[in-house]
Every structure is written in C-alpha cells, then in structure tokens.
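Let's take a friendly walk through a protein model. Have a look at the picture, then read on for a few of its details.

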Amino acid sequence: MSKRFFISMLMLSLCIMMLLSACGVQHAISTSSEAGGKNAHQGEGQAGLQPEKGAHLLVWESKGPELDFLKAVAEDFEQEYGIGVKVVAVPSIDAVTKLTTDGPAGIGADVFSAPHDHLGNAVMAGLVLQNDVYDEQMKHQIMDSALEGVSYDGVFYGFPTAIDTYALYYNKNC
C-alpha cells in the first residue's frame, strides 16, 4: 500500500470521526454497564459528544482502491461506534455539483472528497462547514502547501488527503 494512499485514508477516517463528534449534543457518556451495551465506546464521540439517535453517515468516494479501503474502514467504524456508514461511489470531480442539489434536499453526503479547486464554490454555496476543531493542530502537523488546498479566505474546510505533482521540469544540460 502506498504512503499517499495510507495517509489519504487516515485523514478521511479522521474526518469521519470529526464529523461524527459534531453530530450530537454534549452530555455525559454512559458506560457499557449503564447502557446495557457490549462496548463502552459504542456511540461515543470526541469530547463527550454522542451522536443523535438513529444517526448514520453517508460517504462519497471515487471508485478504485480508495473506495474499497473506505468500505473496510466504514465496517470498523460501525463496529466501534455503532453508527451506520453507507459508502457510495461518486467521482470526486462531481461531488460538489452533486452536493449542490442533494445537500439542500437532505440526501447529500456527510463526508466526501473533492478537488481543491472546487472548495471556493462549495464555501460560497454554503455546502461545507469550517474546520474549527482541528485548525491549530493542522497548522503544526500538515505542510503549508497541503493546507492551502483546504483553505478559503484563510479558513480551513475539511482535511487534505493528498498532494500531487503534475509536472517536473529539469535541465538536462546541468
């Protein structure tokens, strides 16, 4: 498995967990004995947040190895947190366009990937939320060039999953 692919999936998993933690209200987390459940982590979110009753996540990802890996991560996530995750193949290039119609109808993805040059349109249309939970942490752990791809007017949205080099020029005469 390539390093780029591994980092992409790790960041996507982190994004799913962050989104899940934002889905509920704050109150004390019950233990497994209090809740009568098998897993003490069942339904826990970050910082004491719990998901809404009946919560589930819809994730869009392009076809290919990323989709297969994400389906496996979704299964693990469901087992650990008790939240259903539906992974659907939607090309990244089409995600923002699809979210423009599906989002207001209430059937859009909770988590999706899109090219960095689509971020401005998504922000202006009100389709994405600011990443204000991990913004300071990201500044110290992620390269500036990657952060530029997930920021708009100095505000972070989402997480970078990959950095691509489209061309490399070199002087053969040197």
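Asp153 is exposed in this predicted model, and its relative accessible area is 70%. You will find Asp153 in the loop that links β4 (151-152) and β5 (155-156). Its backbone has a feature to look for: phi of Asp153 is near 50 degrees, a positive value in a residue that is not glycine.

Now turn to the sheet. Three strands form an open sheet in the order β2-β1-β3, and their pairing is parallel. β2 (84-89) and β3 (111-112) are the edge strands with a single partner each, so one side of each has no neighbour in the sheet. Strand β1 (residues 56-61) runs parallel to β2, and 6 bridges join the two. Along this pairing, Glu61 stands opposite Ala89 in β2.

Which helices lie across these strands? Here are two of them.

| Helix | Lies across | Angle |
|---|---|---|
| α3 (residues 65-81) | β1 and β2 | about 170 degrees to β2 |
| α4 (residues 92-102) | β1 and β3 | about 135 degrees to β1 |

Helix α3 also holds a pair of rings. The count of aromatic pairs comes to 1. Phe77 and Tyr81 make up this tilted pair, with 4.9 Å from centre to centre and 35 degrees between the planes. Why are these two residues about one helical turn apart? Phe77 and Tyr81 are 4 residues apart in helix α3, which means that about one helical turn separates them. Are they buried or exposed? Both Phe77 and Tyr81 are buried.

Conventions. Residues are numbered from 1 along each chain as its sequence is written. This is a predicted model: local features need pLDDT of at least 70, side-chain atom pairs count only at pLDDT 80 or more; totals for chains, interfaces and linings use all residues. Side-chain values use heavy atoms; hydrogens and water are left out. Two strands pair if DSSP finds at least two bridges between them. Contact means heavy atoms within 4.5 Å. Axes are lines fitted to C-alpha atoms, for helices over the stretch in contact, and angles run from 0 to 180 degrees between N-to-C directions. Buried means under 20% relative accessible area, exposed over 50%, partly exposed in between (1.4 Å probe, protein chains only). Rings of Phe, Tyr and Trp (its six-membered ring) pair if their centres lie within 6.5 Å; planes under 30 degrees apart count as stacked, over 60 as edge-to-face and the rest as tilted.
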